[in-house]
Amino acid sequence: MVKVNSDMVFDLEFFFEISPDLLCIYGFDGYFKKINPAVSKTLGYDNTELFSSQVSSFVHPEDLLLSNHKMETLIDGHSLLNFENRYLHKDGSVVWLSWTSVPIKKDEVIFGIAKDITYKKQLEEYDRISSVLGMINDDHHKRFKKIVKNDIPKNLSINGIGNIKRVKDEPTYSDQFWLNQFEAAVRKHAGKIDLNLELISGELALSQRQLFRRVNLILGITPNKLVRVIRLQLAWEAIASGKYRTIKEIANIAGYSSRTHFSKLFREVYGINVSDLL
């Protein structure tokens, strides 16, 4: 056994207190026994709150099952290396931690060191979502072109939603302006479950027959197809904003009352599950 003098004990305690990493000792009973200030600073709880509740109560609900399993592994005597899970800050925000933990079976305690990797995870998520949305955007334009390429006049091509340009000529001001009005009408009422062509016709002061003729003349598709395209555009714009975390929220913004139907449509059009983006 290596002897340590009082100065070294002081130095270790000082190191424990000033370490930016989360240093903690928690028991097999699931409660913290000793923590450094970084734990309270990172999670937003004071020491009284942290010591009075089981460690699992601070874990993100979606990571609780896996975290409990890892706890059982530690109790069985196996160390844990670079295990990542999510905790909930007192203000409700998510904190990502990467744990390295070692059990001391004879004392029924676990020594754990955690690094706050929230910023790293946010960058990874930003890159992932940006990549996926870029793919969706490209695919969106390709699919929209595919819908209309065989039906519209050869001197027209699609460039985005409601943005029509001629290959050789500039778009007519009236067509461009009218398509923008159509899109604005859909966006205005997109959240309404009962959005229909009658409502859009009223906004544009046209009969449904006139509406059908004009959309078909410009794009070679039905108004309902154009509405669907704009709704799906709204859906991935909402995803890209990062403000929404559930399929129900995204579906409502796009005007779909059924999450199942919306998820199926999103999957059919974009080839990816909407849940993978949230």
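Predicted model: local features only at pLDDT ≥ 70, side-chain atom pairs only at ≥ 80, totals over all residues.

I checked what lines the second largest pocket: helix H4 (64-75), strand E3 (80-88) and strand E4 (94-104) each supply at least two residues. Helices here are DSSP runs (H or I, at least four residues), as are strands (E, at least two), numbered from the N terminus. H4 gives the most, with seven residues. A pocket, on a 1 Å grid over the protein atoms alone, is an open set of points where a 1.4 Å probe fits, with protein on both sides within 12 Å along at least five of seven lines; lining residues have an atom within 4 Å of a point.

I counted 20 lining residues, with Tyr 26, Val 55, Ser 67, Asn 68 and Met 71 nearest the centre. The lining divides into eleven nonpolar, seven polar and two charged residues.

Residues are numbered from 1 along each chain as its sequence is written, and side-chain values use heavy atoms, without hydrogens and water.

Next I went to H7 (residues 197-204). Which of its residues are buried? I got Leu 197, Ile 200, Ser 201 and Leu 204 (buried is under 20% relative accessible area, exposed over 50%, 1.4 Å probe, protein chains only). They cover an arc of only 105 degrees around the axis, so they sit on the same side of H7. On the other side, I found Glu 198 and Gly 202 exposed.

Last, just after H7, I saw Ala 205 with a positive phi of about 55 degrees.

Notes. Arc of directions from axis to C-beta. Nonpolar A, V, L, I, M, F, W, Y, C, P; charged D, E, K, R; others polar.
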